[in-house]
Amino acid sequence: METEFKNNDTYKYQKAKEKVEAIKGFYGNLLAYCIVIPILAYINYSTTNFPWVIFPALGWGFGVIMNGLYAYGYNPLFSKNWEERKIKQYMQEL
């Protein structure tokens with residue numbers, strides 16, 4: 001019984017650590033975005049009239065949003081209910 005408790009604590013610790021690492025990664029990505037995109041915008045507007053900075057801003061911005069959704073556990077496509085239904089379905093098939 002005690003080893004089961006320790007394994008459960010170890011599992012919870014590992015999951016909590018993964019969540020903290022994901023959130024930390026998200027904030028690092030967000031910080032880099034907030035630094036690099038204005039630099040690219042300055043370079044863009046001081047060298048040419050074509051607003052090419054929109055492309056990296058939108059692409060990287062989408063990545064930052066997806067990273068944040070993952071870090072905070074929000075997934076609109078594959079919710080917990082969907083996961084549980086699929087697990088039950090595959091368990092019944094086996």
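Me: Why is tryptophan 60 called partly exposed?

Reply: In this predicted model, tryptophan 60 has a relative accessible area of 26%. Buried would require under 20% and exposed over 50%, so tryptophan 60, at 26%, is placed in between and counts as partly exposed.

Me: What makes tyrosine 33 and tryptophan 60 an aromatic pair, and why is the pair called edge-to-face?

Reply: The centres of the two rings, those of tyrosine 33 and tryptophan 60, are 5.5 Å apart, and a pair needs centres within 6.5 Å, so the two rings count as a pair. The angle between the planes is 90 degrees, and because angles over 60 degrees count as edge-to-face, that is the name this pair receives.

Me: Why can the pair of tyrosine 33 and tryptophan 60 be said to tie together parts of the chain?

Reply: Tyrosine 33 belongs to helix H1 and tryptophan 60 to helix H2, so the pair links parts that are 27 residues apart in sequence.

Me: Which other residue has a side chain in polar contact with the side chain of tryptophan 60?

Reply: The side chain of asparagine 29 makes that contact, at 2.8 Å. A pair of N or O atoms has to lie within 3.5 Å to count, so the distance of 2.8 Å meets the limit. Asparagine 29 sits in helix H1, and, leaving aside residues up to four places away in sequence, it touches Trp60, Gly63, Val64 and Asn67. The C-alpha atoms of asparagine 29 and asparagine 67 are 8.3 Å apart in space, although 38 residues separate the two in sequence.

Me: Which residues make up the largest nonpolar core, and which elements supply two or more of them?

Reply: That core has seven residues, namely Ala22, Phe26, Tyr33, Ile37, Ala57, Val64 and Ala71. Helix H1 (2-47) and helix H2 (54-71) each give two or more residues to this core, and the largest share, four residues, comes from H1. Valine 64, which belongs to the core, touches Phe26, Asn29, Leu30 and Tyr33 when residues up to four places away in sequence are not counted.

Me: How many aromatic pairs does the whole structure hold, and why is the one formed by phenylalanine 26 and tyrosine 27 called tilted?

Reply: The search finds four aromatic pairs. In the pair of phenylalanine 26 and tyrosine 27, the planes are 50 degrees apart and the centres 5.2 Å apart. Planes under 30 degrees apart would be stacked and those over 60 edge-to-face, so 50 degrees leaves the name tilted. Phe26 and Tyr27 also form one aromatic cluster together with Tyr72.

Me: How do you know that the buried residues of H2 line one face of the helix?

Reply: The buried residues in H2 are Ala57, Gly61, Val64, Gly68 and Ala71. Seen down the axis of H2, the buried residues fall within an arc of 90 degrees, so they line one face. On the other side of H2, Phe55, Leu58, Phe62 and Tyr70 are exposed.

Me: Why is asparagine 44 called buried, and what does its side chain lie close enough to count as a polar contact?

Reply: Asparagine 44 lies in helix H1, and its relative accessibility is 0%, so with a limit of under 20% it counts as buried. A polar atom of its side chain lies 2.7 Å from the backbone oxygen of phenylalanine 50, and as the limit is 3.5 Å, the distance of 2.7 Å is within it.

How values were computed: Residues are numbered from 1 along each chain as its sequence is written. This is a predicted model: local features need pLDDT of at least 70, side-chain atom pairs count only at pLDDT 80 or more; totals for chains, interfaces and linings use all residues. Side-chain values use heavy atoms; hydrogens and water are left out. A nonpolar core is a set of buried Ala, Val, Leu, Ile, Met, Phe, Trp, Tyr and Cys residues joined through side-chain atoms within 4.5 Å. Buried means under 20% relative accessible area, exposed over 50%, partly exposed in between (1.4 Å probe, protein chains only). Contact means heavy atoms within 4.5 Å. A polar contact is a pair of N or O atoms within 3.5 Å; within protein, one must be able to donate a hydrogen and the other to accept it, and residues adjacent in sequence count only if both atoms are side-chain atoms. Rings of Phe, Tyr and Trp (its six-membered ring) pair if their centres lie within 6.5 Å; planes under 30 degrees apart count as stacked, over 60 as edge-to-face and the rest as tilted. The arc is that of the directions from the helix axis to the C-beta atoms.
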